[in-house]
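This report describes selected strands, loops and side-chain contacts of one protein structure. Please consult the sequence and the three-dimensional view while reading.

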Amino acid sequence: MKCVVILSGGQDSATCLALATRKYGADEVAAITFRYGQRHAVEVKYARRLAKRFGVKTHQVVDFGFYRHLTTNALMDESIKIERKAGAKCPTTVVEGRNAFFLLAAAVWAKSLGAKELHLGVSEADFSGYPDCRAAFVKAQEKAIRLALDYPIKVVAPFMRKDKAYEWKLAEKLGILDVIANETVTCYNGIPGEGCGECPSCRLRREGYENYRRNLRRA
Ligand code: ZN
């Protein structure tokens, strides 16, 4: 096995999975999805479908049920409003430390599979301000994981410095525009495809799509 892709079922991770399978072949790619009490749990169903769609047979859904004992936020508790409070660095949807847990867990599994790469669809160019989506964190976590496991694993984040318009363009190039548009869940309310159109995640996705279309017209 060459790599493990952290697959949430959203646009970024689905595009990441498509890229990895194109590079290594589906048999050399494994995917891992985490259930942590997110209210858009429907994304787990979409993650399963996406793995199948891209021919990835080694897919594992891991239960992080402990998360609700540690913290809460608008993604895990429907009674919390999705918003960005005045002066706050990120919206109420931040799941503290999520990518730190995900990367470590995925790395433990990757080592057991003999895979030397972890692929993650985060971006610091076009994101909600989550600290664990930043390049500095990802680099530091990679180093920590290598030390923790004594294993030379590399974290690959192909979209770290790219925006959503780039991802849409890439989807077109890979011939998966329809899959990304209709078979992923990015919406915080768990509505697939275009989503609710209102939450910050839907807005980011739509703005990216509109920029991609605008660039096409200009080209
Ligand atoms: Zn939405």
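Strand 2 is largely enclosed by the rest of the structure, because six of its seven residues are buried. Here buried means under 20% relative accessible area, exposed means over 50%, and partly exposed lies in between, computed with a 1.4 Å probe on protein chains only. Helices (H or I, at least four residues) and strands (E, at least two) are DSSP runs, numbered from the N terminus. The model is predicted: local features need pLDDT of at least 70 and side-chain atom pairs count only at pLDDT 80 or more, whereas totals for chains, interfaces and linings use all residues. Residues are numbered from 1 along each chain as its sequence is written, and side-chain values use heavy atoms, with hydrogens and water left out.

**Strand pairing**

Two strands pair if DSSP finds at least two bridges between them. Strand 2 (residues 29–35) runs parallel to strand 1, and four bridges join the two. On its other listed pairing, strand 2 meets strand 3 (residues 58–63) in the parallel sense over six bridges. Strand 1 also pairs with strand 4 (residues 117–119), again in the parallel sense, over three bridges. Individual bridge partners are set out below.

| Residue | Bridge partner | Strand of the partner |
|---|---|---|
| Cysteine 3 | Valine 29 | Strand 2 |
| Valine 4 | Alanine 30 | Strand 2 |
| Valine 5 | Histidine 119 | Strand 4 |
| Alanine 31 | Histidine 59 | Strand 3 |

Strand 1 (residues 3–6) is covered on both faces: Cys3 and Val5 are buried on one side, and Val4 and Ile6 are buried on the other.

**Helix 6**

Helix 6 (residues 164–174) has Lys164, Ala165, Glu167, Trp168, Leu170, Ala171 and Leu174 as its buried residues. These buried residues pack against helix 1, helix 7 (177–182) and helix 8 (200–218), where contact means heavy atoms within 4.5 Å. An α-helix has 3.6 residues a turn, so residues three or four places apart point the same way. At the start of helix 6, a side-chain oxygen of aspartate 163 comes to within 3.3 Å of the backbone nitrogen of alanine 165. Such a polar contact is a pair of N or O atoms within 3.5 Å; within protein, one must be able to donate a hydrogen and the other to accept it, and residues adjacent in sequence count only if both atoms are side-chain atoms. Glycine 175 follows helix 6 and has a positive phi, near 75°.

**Residues in loops**

Asparagine 73 lies in the loop between helix 3 (67–70) and helix 4 (98–113). With a relative accessible area of 3%, asparagine 73 is buried. Leaving aside residues up to four places away in sequence, asparagine 73 touches Ile80, Thr92, Thr93, Val94 and Val95. A polar atom of its side chain is 3.0 Å from the backbone nitrogen of methionine 76.

Serine 123 occupies the loop between strand 4 and helix 5 (135–149). Its relative accessible area is 8%, so serine 123 counts as buried. A polar atom of the side chain of serine 123 lies 2.8 Å from the backbone oxygen of lysine 162, and a distance of 3.3 Å is found to the backbone oxygen of phenylalanine 159. Serine 123 and aspartate 12 are 111 residues apart in sequence, yet their C-alpha atoms are 8.6 Å apart in space.

Aspartate 150 is placed in the loop between helix 5 and strand 5 (154–156). Aspartate 150 is exposed, with a relative accessible area of 69%. Its phi is near 50°, a positive value in a residue other than glycine.

**Charges over rings**

The charged end of arginine 49 sits over the ring of tyrosine 46, 4.7 Å from the ring centre. Lysine 162 likewise places its charged end over the ring of tyrosine 166, 4.7 Å from the centre. The criterion is that NZ of Lys or CZ of Arg is within 6 Å of the ring centre and within 35 degrees of the ring normal.
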